[in-house]
Amino acid sequence: MEVLQEAKRPLTRDEILSLARKKIPRLGSSTLNLAIRKFSEAFDLVGVDFPGQPRRYELPSGREHPHFICRKCNRVYDLDCVMQLPPPRAPKGYVVTGGEVIYSGICGACNQ
Ligand SMILES: [Zn+2]
């Protein structure tokens, strides 16, 4: 949880593991898996999936926000802006239960 708070962006399981091992060097992979499952079940952690990308995890956010994928390093960032999308016009009989706005480009670190 600390790693995710500090990163301020959605992290893959592997990213969490390598950052967490800087704090707990002997942290086991299966311990992390268990923690991810427990926190996810308690909704303290939210899994986010982007097409063609490994699942990422982020802390629950009070409001909807778009994400940004860097085309160079593949990192995903939260964009701090208000999302005001019109309601989707789904075909008759469809029930829309969620959506995701993804921007892509080059992140600040890669753009240097
Ligand atoms: Zn980048």
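Lys8 counts as exposed because 12 C-beta neighbours lie inside 10 Å; by the cut-offs used here, a residue is exposed if 12 or fewer other C-beta atoms lie within 10 Å of its own, buried if 20 or more do, and partly exposed in between, with C-beta atoms placed from the backbone. The structure is a predicted model, in which local features need pLDDT of at least 70 and side-chain atom pairs count only at pLDDT 80 or more, while totals for chains, interfaces and linings use all residues. Residues are numbered from 1 along each chain as its sequence is written.

Lys8 sits in the loop between α1 (2-7) and β1 (11-12). Helices and strands are DSSP runs numbered from the N terminus (helices: H or I, at least four residues; strands: E, at least two). Although Lys8 is not a glycine, its phi is positive, at about 55°. A positive phi is also found at Asn74, again not a glycine, with a value of about 70°. Asn74 belongs to the loop between β4 (67-70) and β5 (76-78), and it counts as partly exposed because it has 14 C-beta neighbours inside 10 Å.

Turning to the sheets, β1, β3 and β2 form, in that order, an open three-stranded sheet with antiparallel pairing; two strands pair if DSSP finds at least two bridges between them. The edges are taken by β1 and β2 (46-48), each with a single partner strand, so one side of each has no neighbour in the sheet. Between β1 and β3 (residues 56-58), which run antiparallel, there are two bridges, and Leu11 is found opposite Tyr57 in β3.

The loop between β2 and β3 holds Phe50, a residue that is partly exposed because 16 other C-beta atoms lie within 10 Å. Leaving aside residues up to four places away in sequence, Phe50 touches Ile69, Val76 and Ile102, where contact requires C-beta atoms, placed from the backbone, to lie within 7 Å. Phe50 and Phe68 are 18 residues apart along the chain, and their C-alpha atoms are separated by 10 Å.

Four bridges link β4 and β6 in the parallel sense, and His67 stands opposite Ile102 in β6.

Methods: Two residues are in contact if their C-beta atoms, placed from the backbone, lie within 7 Å.
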